[in-house]
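Here is a short report on how the parts of this chain pack together.

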Amino acid sequence: MTEIITGLYMSPLEFLALVGAVALVVARWLPPSARPRVTIAAGAVLVLSVIVLTVVGIRWQMLPVLAGSAVASPFALAPLLRRRTGQPAWRARWWLASPGSVACVGLIATGPVAAWAFPVPVFPEPSGRFAVGTRVVQWTDPRRPETFTADPHDRRTIVVQLWYPAQKSPAGTQRAQYLGRTESEARTVSDALARVVGLPGFLVDGVPHAHTHSVFNAPVADRGGRFPVVLFSPGSGGVRTQNTAWAEELASHGYVVAALDHPYDSAAVVLTDGRTIHAKIASTGDRVKDDELAVGWTAVRAADLSFVLTQLDRLGRGEIAGPLTGRLDTSRVAVTGHSMGGAAALQTARQDHRFDAVIDLDGYPHGPTSPSLHQPTLALTQAITPGTDPRYIPRLTKALRLNTTMSYRLTIPGAAHLTFMDGPLYLPPVPSIVGSLGRTESPHVVAATTLAFLDTTLRYKPGDLADVLSAYGDLSVYPPGDSR
C-alpha cells in the first residue's frame, strides 16, 4: 500500500484505478475519433493499477470500483474488438446506454465514498520542536500474580509503548507502524478491536496499513534535559496505541508518554515471545453487576500504572538499561486515561502520591471516591445529551470537589466519547460515534487542552489556565475545599 493522499483518503494507485474505471465508462460518450484511444488508455491504466494493488494489498473499498469497471468493460471493448475483426461496429442507442452508464458510475463512486467513511488514518503532523521516537518495552511484576489465569506461578506482565522527544531522522526513514511493531501485529490488534465493538474486521482493514510520525527506536533528543512523564491507560478493550496522535503531539513538546496495554482487558496484547492475549472481560448487561466488575478492573489497572511508574523511575535512574536512562524526570509525572482508563487514572492518583497531575478523558469514576484526590485534575467530557448516564456528571463533580487542590471539568461541544482517541481519524464521521468536530479538529482540541494543563502543572508555565481551557468549551473550576 502506497502513501495515502490527504483529503482523498486513497493511495495514488487507487486513485489511478478510479480514474481508469470512470474513463472506461465515459469513453462510450466521446466522439468516434477519440473513443478508441481513451478506451485503450483507460483499460491499460486500470489493469496495471489493479495488478500492482493486488500485489501490495487491495482494500475492500476498491471492490465497487472494480465491479463497475467489470460491468462497463464488455460494452467499452466490444466495438474495438469487432472493428479489429472486420465486423461492423455496433453500439447501443443512447437511451439504452444511459441507464447502464449511470449505474456503473454510481457503483464506481461507491469506492471513494467508502474510502472516505473508512479511511487509512492520516495522522496530524506534531507541532512541537522535537521529532518523535517510539519504542515498546515489556515488564513483569514479580510481586503480583496474574488474577485472570489459574496458574499460580503466572505473574502480571505489562506491555508499554513509549513516545519520546527524538533526534530528527534522515529523510526517507521508515515511520512506525500504527497499532503494532509490525504489520502482522497491527492486523491482529485491528481485528481484535473490530470484534470488541462488533464490527466486521474488513471494514477497518485500512487501519493496519497506516504509519504514524514516530520512528521506532530513534535516538533520544540531545537537548531538553530530563523530560516530564505522562502515563496513559486506554479505554475498556482499548489498546496502548489508541491515542497515538495525542501521544506524538505531547512527545513533540518535550514529554515522554508511556501508554499501557492491560492484558486480558485490552482487545489484544502481543507479547515479545509471539503469544497474543485476548480480552476476557465483558459487560454482563446488568448495571449493578457491571459496576461491581468495573471497580475490580479499575483496581487492576491502577496497580498496572503504579508498577509502570516504578519501572520508569528505575529506568530514569539507570537501574534498568535503555536509551532513556537519565532522561526521565519522574519527579514530574501525570497519570491519564480514556474512559475506563480515566477512571483508573483517578483511582491511581488517590493511592499513589508519586503522581503530580491527573487527566481523565471522558471516564466515569468507578470505585471509591476516598481518599480525596490531592493533585491538580483535568476532566474532559463529551457533550452532555439525554442519553448520557445521569450518574456520570454528579459522580465526577463530587470527585473533583473533594480534591484538595484545583480541579477543572471541561465539556467540549460537538465531542462524543470516541473524540478523545484516534477514532475520528479512521471511523465514519457520524456525530453520535466520533462527534462533530471533524478529523482535523478532534485531535487538535484534545491535545491543546491537555498540553495547556500539563505545561501549567508539570512545567509551572505562567498564565491563566482557566482562560485557555474555556476557549474550547464549557469550563467548571473547582477550587481546593469546594465541597458544595
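## Cavities, sheet and helix packing

The second largest cavity has a volume of about 30 Å³. The model is predicted. Thr 134, Gln 161, Trp 163, Ala 176, Gln 177, Tyr 178, Leu 179, Thr 212, Ser 214, Thr 241 and Thr 244 form the lining of this second largest cavity. By class, that lining holds four nonpolar, seven polar and no charged residues.

How many cavities of 30 Å³ or more does a search of the whole structure find? The search finds two. The largest cavity holds about 80 Å³ of space. Its lining consists of Asn 243, Ala 245, Trp 246, Thr 419, Phe 420, Met 421, Asp 422, Pro 424, Leu 425, Ser 442, Pro 443 and Val 446. Eight of these lining residues are nonpolar, three are polar and one is charged. Helix 6 (244-252) and helix 11 (438-457) each supply at least two residues of the lining of the largest cavity. Helix 11 gives the most, with three residues.

Ten strands make an open sheet with mixed pairing, in the order 3-1-2-5-4-8-9-10-11-12. Strand 3 (215-216) and strand 12 (474-478) stand at the edges; each has a single partner strand, so one side of each is left without a neighbour in the sheet. Strands of a sheet pair through backbone hydrogen bonds, either parallel or antiparallel.

| Strand pair | Direction | Bridges | Partners |
|---|---|---|---|
| Strand 1 and strand 2 | antiparallel | eleven | Val 132 and Pro 165 |
| Strand 1 and strand 3 | parallel | two | Gly 133 and Val 215 |

Two helices lie across several of the strands. Helix 7 lies across strand 1 (131-145), strand 2 (155-166), strand 4 (227-233), strand 5 (256-261) and strand 8 (328-338). Helix 7 runs at about 115° to strand 1. Helix 11 lies across strand 4, strand 8, strand 9, strand 10 and strand 11 (407-411). Helix 11 runs at about 165° to strand 9. Helix 11 also supplies three residues to the lining of the largest cavity.

Helix 7 has a helix partner too. At what angle do the axes of helix 7 (residues 287-317) and helix 8 (residues 340-351) cross? The angle is roughly 65°, and the axes come within 8 Å. The crossing is right-handed. On helix 7, the contact uses Ala 294, Trp 297, Thr 298, Arg 301, Ala 302, Leu 305 and Ser 306. Helix 8 contributes Met 340, Gly 341, Ala 343, Ala 344, Ala 345, Gln 347, Thr 348 and Gln 351. The contact has eight nonpolar, six polar and one charged residues.

A further helix pair is made by helix 1 (residues 12-26) and helix 2 (residues 35-56), whose axes come within 8 Å and cross at roughly 150°. Helix 1 passes helix 2 in a left-handed crossing. Among the contact residues of helix 1 are Leu 13, Glu 14, Leu 16 and Ala 17. Those of helix 2 include Val 38, Thr 39, Ala 42 and Gly 43. By class, twelve residues of the contact of helix 1 with helix 2 are nonpolar, four are polar and one is charged.

Definitions and conventions:
Residues numbered from 1 in each chain as written. Predicted model: local features only at pLDDT ≥ 70, side-chain atom pairs only at ≥ 80, totals over all residues. Heavy atoms only, no water. Axes fitted to C-alpha atoms, helices over the stretch in contact; angles between N-to-C directions. Helix = DSSP H or I, 4+ residues; strand = E, 2+ residues; numbered from the N terminus. Left-handed = near helix turned anticlockwise from the far one by under 90°. Contact = heavy atoms within 4.5 Å. Nonpolar A, V, L, I, M, F, W, Y, C, P; charged D, E, K, R; others polar. 1 Å grid on protein atoms, 1.4 Å probe; cavity = no way out; pocket = protein on both sides within 12 Å on 5 of 7 lines; lining within 4 Å. Points joined across faces, edges and corners; volume = space filled by probe spheres on them. Pairing = 2+ DSSP bridges.
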